[in-house]
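Have the viewer open while you read.

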Amino acid sequence: MKKMDNTAAGSWTPDDNPTPPTVKNSCHPNLKRFLASLSFAYFAKALSGSYMKSTITQLERRFDIPSYLIGIIDGSFEVGNLLVIAFVSYFGAKLHRPKIIAIGCVLMSFGTFLIAMPHFLIGRYKIETSVRWSVNSTNNLSPCPASSPESTRAGDSPSLLNSRGCERESSVSMWIYVLLGNILRGIGETPVQPLGISYIDDYAQTENAALYIGCVQTISIIGPVFGYLLGSLCAKIYVDIGYVDLETLTITPGDARWVGAWWLGYLIAGTITLMSAVPFWFLPKSLPMPVDKHDSSCTPEQTRFIKDSPTMEHKFRPEEPANLHQMAKEFVPTLKSLLGNPVYVTFLCVTIIQFNSLIGMVTYKPKYIEQHYGQSASKANFLMGMINIPAVALGMFSGGVVMKKYKLGIMGAAKFAFGTSLLGFFLSLFFFAMGCENSKVAGVTVSYTGVEGLSYQEQSLFSECNSGCLCSRRDWDPVCGENGITYVSPCLAGCSSSTGSGKYTVFANCSCVALPDTQQVNLTASLGQCPRSDSCDKVFPYFLALSVLSSFIISLGGTPGFMLLVRCIRPELKCFALGIHSLATRTFAGIPAPIYFGAVIDTTCLKWGNKMCGGRGACRIYNTSAYRTLYLGLTLGLRTASFFLCYPGFALLKRHIKMEEKNALTNGSAELESLRKEENSSEHCEQFIPASDCIPDRETRL
């Protein structure tokens with residue numbers, strides 16, 4: 001086509017008509033503005049998304065819900081995306097893409113504000129505690145109430161106080177607002193990626209497109225850095241800050257019952273997302289074509305002819321109103337054409353499995369750090385934001401640079417992405433060796449004499465040492481004995497008195513707290529769980545280092561893998577393919593992965609909390625060894641399954657490249673033959689009439 005255009009313009013001079021709008025080697029100013037705006041939008045959506053991940057344990061505790069239900073809330077974002085992704089990516093590509101992205105950002109911000117709403121509707125957070133305060137004294141009542149004939153040791157019935165509190169609770173679970181807000185966030189996020197990436201790929205130099213997309217995705221990785229840091233900051237602040245005297249609190253941020261100011265971060269994230277919508281309202285629908293996507297030697301008439309050609313529709317975005325009826329008729333045939341590409345379908349299956357592993361791992365990684373290594377939610381989020389996420393950002397950017405520097409083609413990008421994923425997989429196997437032992441909790445993981453390997457049952461919480469106390473097995477108010485063993489409550493530790501107040505309360509005369517070697521009994525206990533062993537503290541830095549290294553290596557293949565998706569399909573299907581890719585990964589990975597990962601993690605819970613109105617609440621302590629085995633095993637098992645699909649994928653890709661090369665040679669020969677006929681016709685024409693009069697006829701024959 002290019003040679004034909006040059007021939008057709010052989011007699012045309014620059015004075016006849018102005019040249020069509022093109023962009024030389026520099027980036028068009030509006031494209032720079034779009035890049036900046038899209039980067040900010042990516043930053044905003046990534047910040048709010050990562051903040052949601054950082055508040056998982058806070059939401060569990062605040063609403064007393066298990067991990068699988070948190071997985072449903074987290075997956076609801078993908079449900080919202082799923083509702084509109086196919087239509088937005090298909091119809092949006094033919095409409096005003098920047099304005100559609102702006103509308104999406106506004107919806108995202110409204111959804112984020114809706115998530116924070118329950119805090120202002122629900123009552124104050126009530127800490128589950130067994131410590132009873134005297135009304136007329138600063139001293140506590142005895143944590144070991146005497147048994148009475150009317151009392152039952154089981155303590156299964158809610159107290160009268162809890163019943164009164166239960167009456168004041170709303171009949172509608174407040175976590176429903178979080179679910180609906182996350183769905184709205186998902187709907188609003190839909191147009192940002194497919195429309196934004198296709199806009200860049202349409203109007204950027206071909207050789208620069210990978211770098212630009214790498215930059216945008218790098219910015220999107222920086223968003224989670226601030227999201228997790230925001231989560232770390234808010235997790236330190238008590239949920240009812242300003243309404244509660246912090247000196248009276250009996251828990252610290254490291255306690256399994258602590259809830260931070262989760263709602264504050266959503267207000268901040270919603271405001272930032274709303275601001276990101278503003279620039280898109282002032283950007284044009286289309287931009288001038290770059291020089292490598294448009295032959296500047298063509299006349300305006302030729303340019304208009306090419307623009308009107310159905311095979312070049314993706315290259316030029318005319319400003320005429322789109323025919324929605326015609327687009328709807330073409331939807332199903334276009335979908336069939338896309339799914340008829342075996343390379344695309346295979347790549348889609350591989351990424352679905354990989355995304356299941358990635359999403360499940362990232363969703364519960366802060367919780368894994370909390371439960372396995374005894375870190376607070378604030379510290380876990382801080383480490384994710386300052387150490388892990390920057391490594392991913394550097395890897396994504398480095399992958400784009402490598403692809404640009406070495407000019408990797410489709411096959412080169414596929415091999416690079418596969419190699420980095422495989423190397424990261426082997427490194428991740430070492431996580432199994434970086435484990436910690438279960439915390440020593442009397443009646444849960446060890447016996448009251450300190451013997452490990454106890455099979456937990458509710459009756460194992462009771463022992464001869466606390467038989468004189470009326471204790472409830474429902475309570476979770478842990479205390480750390482002088483012997484280094486944690487007890488579920490002061491009552492179950494057999495403590496008969498206490499001194500101090502708030503988090504500085506110390507329990508004395510604890511009949512179950514003893515040092516077997518010294519025969520010392522009736523020792524003291526302090527509030528909170530006992531710290532982890534020194535060996536666990538020593539292995540934690542190695543876990544962080546390996547986590548950073550494996551994350552960097554795996555993310556190196558992110559940008560090449562994304563460009564493989566864009567380049568393995570016909571250009572006019574590019575935007576639609578991105579939308580279907582997002583649709584499939586969200587449907588089969590984003591929605592189910594957090595749910596079944598959460599359900600698997602719930603099976604490792606040893607002691608559940610209890611809701612005020614009865615029923616099971618959030619988990620208080622997990623079986624650390626089982627948690628590690630199932631969490632890491634499921635993550636790496638899914639990645640192993642994806643590698644088996646890569647072998648046929650490479651075979652199909654190799655065949656696809658050969659077919660493309662063969663078609664290019666065939667089309668080139670036909671074009672050369674047509675060009676020769678055109679030249680002969682031109683010479684014959686010019687013998688009788690002026691050359692300028694031959695050009696229109698030549699264009700007609702084109």
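## The whole chain

Keep in mind that this is a predicted model. The protein has 22 helices and nine strands. Of its 702 residues, 52% are buried.

## α5 against α8

Helix α5 covers residues 97-116 and helix α8 covers residues 175-189; their axes are 7 Å apart, at an angle of about 170°. Angles over 145 degrees count as roughly antiparallel, so that is how α5 and α8 run relative to each other. The crossing of this pair is left-handed. On the α5 side, the contact uses G104, C105, L107, M108, F110, G111, T112, L114 and I115. On the α8 side, it uses Y177, V178, L180, G181, N182, L184, R185, I187, G188 and E189. Sorted by class, the contact of α5 with α8 holds eleven nonpolar, six polar and two charged residues.

Now zoom in on G104, which belongs to helix α5. Is G104 buried or exposed? With a relative accessible area of 3%, G104 is buried, because the cut-off is under 20%. Setting aside neighbours within four places in sequence, G104 is in contact with G188, E189 and P191. G188 and E189 also turn up among the α8 residues in the helix contact. There's a sequence jump to look at here too: G104 and I187 are 83 residues apart along the chain, yet their C-alpha atoms are 7.2 Å apart in space.

## α16 against α17

Which way do α16 and α17 run relative to each other? Their axes are 7 Å apart and the packing angle is about 165°, which makes α16 roughly antiparallel to α17. The crossing of α16 and α17 is left-handed. From α16 come F416, T420, L423, G424, L427 and S428, and they meet L546, L549, S550, I553, I554 and L556 of α17.

A relative accessible area of 2% puts S547 in the buried group. Not counting residues up to four places away in sequence, S547 touches K365, N388 and F431.

## α15 against α18

Here the geometry is of another kind. Helix α15 (residues 377-405) and helix α18 (residues 558-567) have axes that come within 6 Å and cross at roughly 60°. That angle makes α15 oblique to α18. M396, G399, G400 and M403 are the α15 residues in the contact, and they meet G558, T559, P560 and M563 in α18. By class, the contact divides into four nonpolar, four polar and no charged residues.

S67 is found in helix α4, which runs over residues 67-91. Its relative accessibility is 1%, so S67 counts as buried. What does S67 touch, leaving aside neighbours within four places in sequence? The list is E60, Y364, K367, G598, I601, D602 and Y622.

## Two positive phi values

If you're checking backbone torsions, two spots are worth a look. K407 has phi near 50°, a positive value in a residue other than glycine. K407 sits in the loop between α15 and α16, with α16 covering 410-428. Is K407 buried or exposed? Its relative accessibility is 67%, so K407 counts as exposed.

N509 is the other one, with phi near 55°, again positive in a residue other than glycine. N509 lies in strand β6, residues 506-510. At 42% relative accessibility, N509 counts as partly exposed.

Technical notes: Residues numbered from 1 in each chain as written. Predicted model: local features only at pLDDT ≥ 70, side-chain atom pairs only at ≥ 80, totals over all residues. Heavy atoms only, no water. Helix = DSSP H or I, 4+ residues; strand = E, 2+ residues; numbered from the N terminus. Buried < 20%, exposed > 50% of the residue type's maximum accessible area, 1.4 Å probe, protein only. Contact = heavy atoms within 4.5 Å. Axes fitted to C-alpha atoms, helices over the stretch in contact; angles between N-to-C directions. Parallel < 35°, antiparallel > 145°, perpendicular 65-115°, else oblique. Left-handed = near helix turned anticlockwise from the far one by under 90°. Nonpolar A, V, L, I, M, F, W, Y, C, P; charged D, E, K, R; others polar.
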